[in-house]
Amino acid sequence: MIGKLGWVNVNRGYYIYIGSAKKSIQQRLLRHLTRKKNRFWHIDYLLSSRLPIRVINIWISQKPCECSISQEIFQIGIGIVVKEGFGSSDCRCLSHLFRVNVSNLDLLRQVMTKKNFYSLLEDHN
């Protein structure tokens with residue numbers, strides 16, 4: 001259960017969640033990666049579930065662009081909406097959680113790089 005959104009179908013695979021942190025990004029990320037926490041945001045419910053979730057990358061941008069990147073990921077077909085309204089209750093986006101086919105991971109990386117995101121977890125060499 002994801003708060004008021006109800007049930008969300010999450011099967012084995014790759015997902016991308018697009019969020020923002022206007023300040024204290026390090027504290028926000030550490031909080032999200034903790035399993036036991038008060039659930040406030042949609043992503044809190046997902047990351048504190050019993051699902052075997054593994055974070056493989058975190059992309060950071062200096063610009064506030066969660067809506068534009070969410071829309072692009074959906075419009076060019078990199079990601080499929082997992083649940084309408086997930087992570088987007090304070091904007092007009094369809095969703096901020098997408099399932100990404102393994103064949104689209106390189107394209108996703110290209111889009112993120114083009115948009116001046118940088119990776120926290122991938123090797124930069």
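In strand 4, G79 has V100 as its bridge partner. Strands here are DSSP runs of E with at least two residues, helices are DSSP runs of H or I with at least four, and both are numbered from the N terminus. This is a predicted model, where local features need pLDDT of at least 70 and side-chain atom pairs count only at pLDDT 80 or more, while totals for chains, interfaces and linings use all residues. Residues are numbered from 1 along each chain as its sequence is written, and side-chain values use heavy atoms, with hydrogens and water left out.

Let's stay with that pairing for a moment. Strand 3 and strand 4 (residues 97-100) run antiparallel and are joined by three bridges. Two strands count as paired if DSSP finds at least two bridges between them. Now look at R99 in strand 4: I80 stands opposite R99, and Y15 stands opposite R99 too. Strand 1 also runs antiparallel to strand 4, and four bridges join the two.

Is G6 buried or exposed? With a relative accessible area of 14%, G6 is buried. The cut-offs are simple: buried means under 20% relative accessible area, exposed means over 50%, and partly exposed is in between, using a 1.4 Å probe and protein chains only. G6 and R99 are 93 residues apart in sequence, and their C-alpha atoms are 18 Å apart in space.

Now for the helices. The axes of helix 3 (residues 66-75) and helix 4 (residues 105-114) come within 12 Å and cross at roughly 150 degrees. An axis here is a line fitted to C-alpha atoms, for helices over the stretch in contact, and angles run from 0 to 180 degrees between N-to-C directions. Helix 3 and helix 4 are therefore roughly antiparallel to each other. That label goes to angles over 145 degrees, whereas under 35 counts as roughly parallel, 65 to 115 as roughly perpendicular and the rest as oblique.

So which residues do the meeting? I69, E72 and I73 in helix 3 meet L108, V111, M112 and K114 in helix 4. By class, this contact of helix 3 with helix 4 has five nonpolar, no polar and two charged residues. Nonpolar covers Ala, Val, Leu, Ile, Met, Phe, Trp, Tyr, Cys and Pro, charged covers Asp, Glu, Lys and Arg, and the others, Gly among them, are polar.

Zoom in on E72, which lies in helix 3. At 15% relative accessibility, E72 counts as buried. Leaving aside neighbours within four places in sequence, E72 is in contact with V111, K114 and K115, where contact means heavy atoms within 4.5 Å. E72 and V111 are 39 residues apart in sequence, with their C-alpha atoms 8.8 Å apart in space.

Helix 4 also holds T113. T113 is partly exposed, with a relative accessible area of 45%. From T113 to S61 it's 52 residues in sequence and 9.8 Å in space, C-alpha to C-alpha. Carry on into the loop between helix 4 and strand 5 (118-119) and you'll find N116. N116 has a phi near 65 degrees, a positive value in a residue other than glycine. N116 counts as exposed, at 55% relative accessibility.

One last stop: K36, in the loop between helix 1 (25-33) and helix 2 (42-47). K36 is exposed, with a relative accessible area of 78%. K36 and S48 are twelve residues apart along the chain, and their C-alpha atoms are separated by 6.3 Å.
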